[in-house]
Amino acid sequence: MKTSNRHLLVNPMSGNVIVDLAGTTITDDERRLLAQPAVAGVILFARNVIDRPQVIQLVQSISAVRSDLLITVDQEGGRVQRLVTGYTQLPASCRLGELYQNEPEQACQLAEDLGWLMASEVIASGIDLSFAPVLDLGLPISQVIGSRAFAEQPETVATLARRYCLGMKQAGMATVGKHFPGHGSVAADTHHSIACDDRPFAAIKQADMLPFNNLIKQQLLDGIMPAHVLYPQVAAEPAGFSHHWLKTVLRESLGFTGVIFSDDLTMHAASQAGDYPSRAVQALNAGCQLLLVCNNPEGAQAVVSALNTHSGVAVNIEQLKGQRKLSWAELLEHPRRLTIHSQLENL
């Protein structure tokens, strides 16, 4: 699946790569990396975080290099929460699904409140975007999704995710649904293995795609992140490298008009697309607009260097920037936050 650079559309004004950092402060090498035109943003991991004051200082350092950079994080809750000390300990999404079984109205309201609180805390720290919500189905077979999913049932996932997205938008944050067309029906973890879902398109559409389709129709998704899962009955490439999945299905059939993010191009399942520059080129040609390249500084530099010369596709970063509604001091005393904390104690 290795792809030549010569087919890539040239747009030197567009940055397409989201990179990571090694530690809690920026190094001189990282400043030079962030200044390169192919870089569009930064993703923060737990290794970059000590506490809230340090996060704010780090974000300010990033913005001092380039104020246009998109600053992102994975702040789902449960086992995927990068901002911990000084922040609300968010429950795993599956807890909302469990509550929904007996108290659907309470679960829906709490989903909306948690979406608002997560986004409010992230934005008040100067970070633009958390890659949320997870729209995968929480099926027992999956090694990597598990408690990150709201529920096993597509309709329940769609219902709770809708309210979560509404909460995020109330706080001023764009929404990114992941991992299209669904990662919950395969056992393998694409971070470490090749994952293959051998079902026909009709089965995937009826189940895994339902939450994506519903939220797209309601215009609640600003971004979507495809899975590095191979669906051989549908396309020859994993979804994140597939013109068919991203353009024919997602754009044309489902009518999605937002931004498409790649999942991390250094994940093992992405190796099906060749070396790092080839992965970037194939993802862009397939329809991705912003590319995550994490946990491999050499790989990130290789992608950035390639795209500095053969730049990618235009994307409006400004539409993804966080719109702060509350300062941290205002948020700490906000009645909605205090009510949510009280509910979480009883969850």
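Modeller: Happy to, and keep in mind that this is a predicted model. Let's begin with aspartate 275, which sits in the loop between strand S9 (259-260) and helix H9 (276-286).

Now for another loop residue. Histidine 183 is found in the loop between strand S7 (176-180) and helix H6 (201-206). With a relative accessible area of 2%, histidine 183 is buried, because the cut-off for buried is under 20%. Setting aside neighbours within four places in sequence, what does histidine 183 touch? Its contacts are Asp136, Ser142, Val144, Ile145, Ala188, Thr190, Ala227 and Val229.

On to the sheet. Five strands form an open sheet with parallel pairing, in the order S6-S3-S2-S1-S10. The edges are strand S6 (129-130) and strand S10 (291-293); each has a single partner strand, so one side of each has no neighbour in the sheet. Further in, strand S1 (residues 17-19) pairs with strand S2 (residues 39-44) in the parallel sense, over three bridges. In one of these, valine 17 has valine 39 in S2 as its bridge partner. Helix H2 (residues 52-65) packs on this sheet, where it touches S2 and strand S3 (70-73). The direction of H2 makes about 170° with that of S2.

Last, a pair of helices. Helix H4 (residues 104-124) packs against helix H5 (residues 154-171) at an angle of about 35°, and their axes are 7 Å apart. The crossing of H4 past H5 is right-handed. On the H4 side, the residues making the contact include Ala107, Leu114, Trp116, Met118 and Ile123; on the H5 side, among them are Leu160, Arg163, Tyr164, Leu166 and Met168. Sorted by class, this contact of H4 with H5 has 13 nonpolar, six polar and two charged residues.

Terms used: Residues numbered from 1 in each chain as written. Predicted model: local features only at pLDDT ≥ 70, side-chain atom pairs only at ≥ 80, totals over all residues. Heavy atoms only, no water. Helix = DSSP H or I, 4+ residues; strand = E, 2+ residues; numbered from the N terminus. Pairing = 2+ DSSP bridges. Contact = heavy atoms within 4.5 Å. Axes fitted to C-alpha atoms, helices over the stretch in contact; angles between N-to-C directions. Left-handed = near helix turned anticlockwise from the far one by under 90°. Nonpolar A, V, L, I, M, F, W, Y, C, P; charged D, E, K, R; others polar. Buried < 20%, exposed > 50% of the residue type's maximum accessible area, 1.4 Å probe, protein only.
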